Amino acid sequence: MKLLLHTCCAPCSVYCIDSLAEEGIKPVVYWYNPNIHPYTEYKARRDCLKEYTKQIGIESIFEEEYGLVPFCKVAVQDLENRCGNYCYPVRLEKTAKYAKEHGYDAFSTTLLVSPYQKHELICEIAEKLAKQYDIPFLYRDFRVGFCEGQAKAREIGLYMQKYCGCIFSEEIRYYCHNQAKLDVAMDLKTIKEEKPQVKRIENKEDYIDLLLDADPSKASIMKYLQDSDVYGLKLNDEIISLAVILHIDNKTLELKNLVTKKEYRNKGYAKRLLKHLCGNYKQKYDKMLVGTTENNIPFYVKQGFDKYEKTIKNYFIDNYDKEIKDGELICTDMIYYSKDLKKK
Ligand code: SF4
């Protein structure tokens, strides 16, 4: 198969190229990323990919377009939705068009490897373009090899970027992240002063109302609550966060519910509770799973749930009476990640 593989950077290409090779597919790498800013970063990622493809003997095409101005003009009109409105479509459309015009059998993208990207949205856009340009989109859920690919990239010394690409993601990575760190530091100071404690909860059903904030079906909660361990973070005689942990087998756990009271959210309490529990459970267990919606993947990846496991298609449609929304997102699929509890 003659495959044109849109490639965002060398580290993300590692697993994609390796796993395609196992299927007997040797893709042609296609660089078109006007979303990467500033220019020094654009150049670092591009040059690293040039070098890497040369080293491994993979043909590559580089479309030179450093698109700061056009990108920003469009992105600022709707910053929240810039990925789906502009960044994904502009790159995938150029790839699909090039593939069609140059006799490829299909196109795909390394964006499918990253748990930080909006996976479903990328597929949706790519499928539309496949119809529009009459060329198949080759879908692979490369997320399963994200950690493996990143580890290999580090080992062979590839340039590892620290943020997604655009100047807005750079702001989130450095400016907001530092701000968040400051907030967390302040919160931890407060936490230290007020000495919150982790408590095992026996009267589990008394906390249904709070659990419903994270899983809006009582029937669903009742299916796992009795067989699970429930822990709470107690602050000044009040349980402010809850975690529900189900034992799957003697090496595996599943985090079924993690929730914080509204007035205490975004202060690092759930993270603190989860970290404490993972630390305790690692004595006996190897792995903790979590099933989540697309919006919450970045949160869990940051907590070490960085291994993609599986997707249950239409889970929220098939298991809930009402439409479930997470912010603006209508929940459809349940996506599972896991954390290696033994990993340092
Ligand atoms: S965050 Fe990443 S995917 Fe979204 S617009 Fe910026 S570069 Fe593109």
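Biologist: Which residues surround the ligand?
Modeller: This is a predicted model, in which local features need pLDDT of at least 70, side-chain atom pairs count only at pLDDT 80 or more, and totals for chains, interfaces and linings use all residues. Residues are numbered from 1 along each chain as its sequence is written. A residue is near a molecule or strand if its C-beta atom, placed from the backbone, lies within 6 Å of it. By that rule the ligand is surrounded by Asn-35, Arg-82, Cys-83, Cys-87, Cys-164, Gly-165, Cys-166, Phe-168 and Ser-169.

Biologist: Which element gives the most to the shell around the ligand?
Modeller: Helices (H or I, at least four residues) and strands (E, at least two) are DSSP runs, numbered from the N terminus. At least two residues of the shell come from each of α4 (82–101) and α7 (167–194). The top contributor, with 3 residues, is α4.

Biologist: How many nonpolar residues does that shell have?
Modeller: Here Ala, Val, Leu, Ile, Met, Phe, Trp, Tyr, Cys and Pro count as nonpolar, Asp, Glu, Lys and Arg as charged, and the others, Gly among them, as polar. The shell around the ligand has 3 polar and 1 charged residues, and its nonpolar count is 5.

Biologist: Let's step back. How many helices and strands does the protein chain have, and what radius of gyration?
Modeller: The protein chain has 12 helices and 13 strands, and its C-alpha atoms fill a box of roughly 65 × 40 × 40 Å along the principal axes. The radius of gyration is taken over C-alpha atoms, and the globule rule is 2.2 Å times the number of residues to the power 0.38. Because the chain has 344 residues, a compact globule would come out near 20 Å, and this agrees with the chain's value of 22 Å.

Biologist: Where do the domains lie in the chain, and how many residues does each give to the contact?
Modeller: The bounds come from an automatic or database domain assignment, which divides the chain into domain 1 (3–163) and domain 2 (195–340). Their centres, taken over C-alpha atoms, are separated by 32 Å. Two residues are in contact if their C-beta atoms, placed from the backbone, lie within 7 Å. The contact takes 9 residues from domain 1, and from domain 2 the number is 8.

Biologist: Which elements each supply at least two residues of the side of domain 1 that touches domain 2?
Modeller: By class, that side of domain 1 has 5 nonpolar, 1 polar and 3 charged residues. The elements that each supply at least two of its residues are α5 (119–133) and α6 (146–155).

Biologist: With which residues is Cys-147 in contact, leaving aside its neighbours within four places in sequence?
Modeller: Cys-147 lies in helix α6. A residue is buried if 20 or more other C-beta atoms lie within 10 Å of its own, exposed if 12 or fewer, and partly exposed in between, with C-beta atoms placed from the backbone; Cys-147 has 16, so it is partly exposed. Tyr-15 is 132 residues from Cys-147 in sequence, yet 8.9 Å away, C-alpha to C-alpha. With those sequence neighbours set aside, the contacts of Cys-147 are Asp-306 and Lys-307.

Biologist: Which members of the largest nonpolar core touch the most other members?
Modeller: A nonpolar core is a set of buried Ala, Val, Leu, Ile, Met, Phe, Trp, Tyr and Cys residues joined through C-beta atoms within 7 Å. Leu-4 is in contact with residues including Val-28, Tyr-98 and Phe-107. Of the 77 residues in the largest core, those touching the most other members are Leu-4, Cys-16, Phe-107 and Ala-243.

Biologist: Which element gives the most to this core?
Modeller: The core draws at least three residues from each of domain 1 and domain 2. The element giving the most, with 9 residues, is α4.

Biologist: Is Asp-134 buried or exposed?
Modeller: Asp-134 sits in the loop between α5 and α6, and its phi is near 55°, a positive value in a residue other than glycine. It has 8 C-beta neighbours inside 10 Å, so Asp-134 counts as exposed.

Biologist: Which peptide bond is cis, with omega near -10°?
Modeller: Most peptide bonds are trans. Pro-38 has its place in the loop between β2 (28–31) and α2 (39–56). The cis bond runs from His-37 to Pro-38.
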